[in-house]
Amino acid sequence: MLLKKLQLKTIDYKLVLTMCFLLFFTSIVSAQEIIKDVVAEKPAEPVHGKQKIDGIIATVGDYIVLDSDIDKGYLEISSQGGNIKDITRCQMLGKLLEDKLYAHQAIQDSIIVSDAEVRGMMEERLNYMIQQVGDINKVVEYYKKSSVEEFKTYFADILKEQKLASEMRDKIVKDVEITPEEVRNFFRKIPKDELPTFGAEMEVAQIVVEPKVSKEDKQKVIDRLNAIRKDVLEGSSFATKAVLYSQDPGSAPNGGYYKMTRKTPFVKEFKDVAFSLQEGEISAPFETTFGYHIIMVDKIKGQEVELRHILIAPTVSESALKEAKERIANIRAKIVSKELTFADAARTESDEKETRANGGTLINPNTQDTRFELTKMDPTLYGQVSNLKDDEVSQPLLNTDDKGKKTYKLITVTNRIDEHTADYAKDYTKIKELALKEKQINAIAKWFDTKIKDTYIKIIGEYKDCTFANNWLKK
């Protein structure tokens, strides 16, 4: 029954990750308030037609859980289309208790969440929520706050706790690694009749052609960034300029904010500039594959840098797009006529550095494998390859990425794998992922066992009769 146990654990773990994701992006579950000397009880919203009296139902270290937090948890999952039918109040409380312990222990371990980080997170979440409802006052009304300022203070506490919990979880599992021998032993312990079934997959390759940007268009961007840099040096806000002008969707809403170390997966050119600057210094415009940037360093803490940046990409002209389409059409003609194989054409003609060395083969970003499971495939990519026959090459496809960069590409399916029972040799990457997940779950469980014993925890009322996955009741 090993696999069934693992699947049960995995389901629980996925539930945790799903709930964390929902809380992370919309944060509608109420703030987990720091305990004060007196906490007034207040009426909660009616549940199942009955009026409940809201109050403290649990304490974990310096944090409390209110009965209404559970109801709000249900509301949040439902609002995102999730199924709450099989989630009991005890399970929901167990998840909230986990978050409390993570945050409490993060403080004990001196994990720091800066005000700048919280402000950046808040801007991102507020922008998201305002996009959904159209007006920040509606958000304030939903949370039953009297003003925007009161809401922001309240919301900052939520975000800080979530970040503390996230940092604590990452700290627990960051050093958990799996050896090939452990993977092999994990697979051997699974009974043959319990081996998992993996869905149909395919391997995909592509050739990318980038439209050429003229020197004049590049210089226009450089001049614009230099003008922005001059304004900032004369007193303008870099963060405001980033919100207004940066084309990086991941940081522009946060005023261009990023926190990074040398191990952060940014392109080399960006990291080289970032770590060459002093606090308060603003770089000259520099180029990466994404466009042109300027960086301002806010703070340097040891090996960590907090910075803001502005990205602007040169505009691609219609004539450049036309030339790129003609070029990729010529490449396709050579492949179809057997003058070149797709892989050779990718190596010699593709402008995409990440894939051309291996014949254009795409890497699945979720698994770091070359296989894409059809049911989990990016919808755009699936739409481009689903109707392709074996060895068929797509027509030139105009692609626009999330930063607005336009390219033309050709796609082909290089391999198809039917639905099958797990095979150690063929599915090593997936089996390794399962084995690692089990080891991480065990590490987290061991951490909870230890910290629960050392932390003040109290559960009151009907919830003392709950059966929890962790020993919250210290029986």
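The model is predicted, so local features need pLDDT of at least 70, side-chain atom pairs count only at pLDDT 80 or more, and totals for chains, interfaces and linings use all residues. Residues are numbered from 1 along each chain as its sequence is written, and side-chain values use heavy atoms, with hydrogens and water left out.

Start at helix 8, residues 215-233. Helices (H or I, at least four residues) and strands (E, at least two) are DSSP runs, numbered from the N terminus. Helix 8 has 19 residues and spans 27 Å from first to last C-alpha, close to the 27 Å expected at 1.5 Å a residue. That expected span is 1.5 Å times one less than the number of residues.

Which residues of helix 8 are buried? They are D217, V221, L225, I228 and V232. Buried means under 20% relative accessible area, exposed over 50%, and partly exposed in between (1.4 Å probe, protein chains only). Seen down the axis of helix 8, the buried residues fall within an arc of 75°, so they line one face. The arc is taken from the directions from the helix axis to the C-beta atoms. An α-helix has 3.6 residues a turn, so residues three or four places apart point the same way. On the other side of helix 8, K215, E216, K220 and L233 are exposed. The cover over the buried residues includes helix 9 (238-245), strand 7 (291-301) and strand 8 (304-312). Contact here means heavy atoms within 4.5 Å.

After helix 8 comes G235, with a positive phi near 125°. At the start of helix 9, a side-chain oxygen of S237 reaches to within 3.3 Å of the backbone nitrogen of A239. In helix 9, F238, K241 and A242 are buried. Seen down the axis of helix 9, they fall within an arc of 100°, so they line one face. Their cover includes helix 8, strand 7 and strand 8.

Now the aromatic rings. The whole structure holds ten aromatic pairs. Rings of Phe, Tyr and Trp (its six-membered ring) pair if their centres lie within 6.5 Å; planes under 30 degrees apart count as stacked, over 60 as edge-to-face and the rest as tilted. Y102 and W447 are stacked, 5.4 Å centre to centre with 20° between the planes. This pair links helix 3 (residues 89-108) to helix 15 (residues 428-454), 345 residues apart. Both Y102 and W447 are buried. Y102, W447, F448 and W472 form one aromatic cluster.

Note on methods. A polar contact is a pair of N or O atoms within 3.5 Å; within protein, one must be able to donate a hydrogen and the other to accept it, and residues adjacent in sequence count only if both atoms are side-chain atoms.
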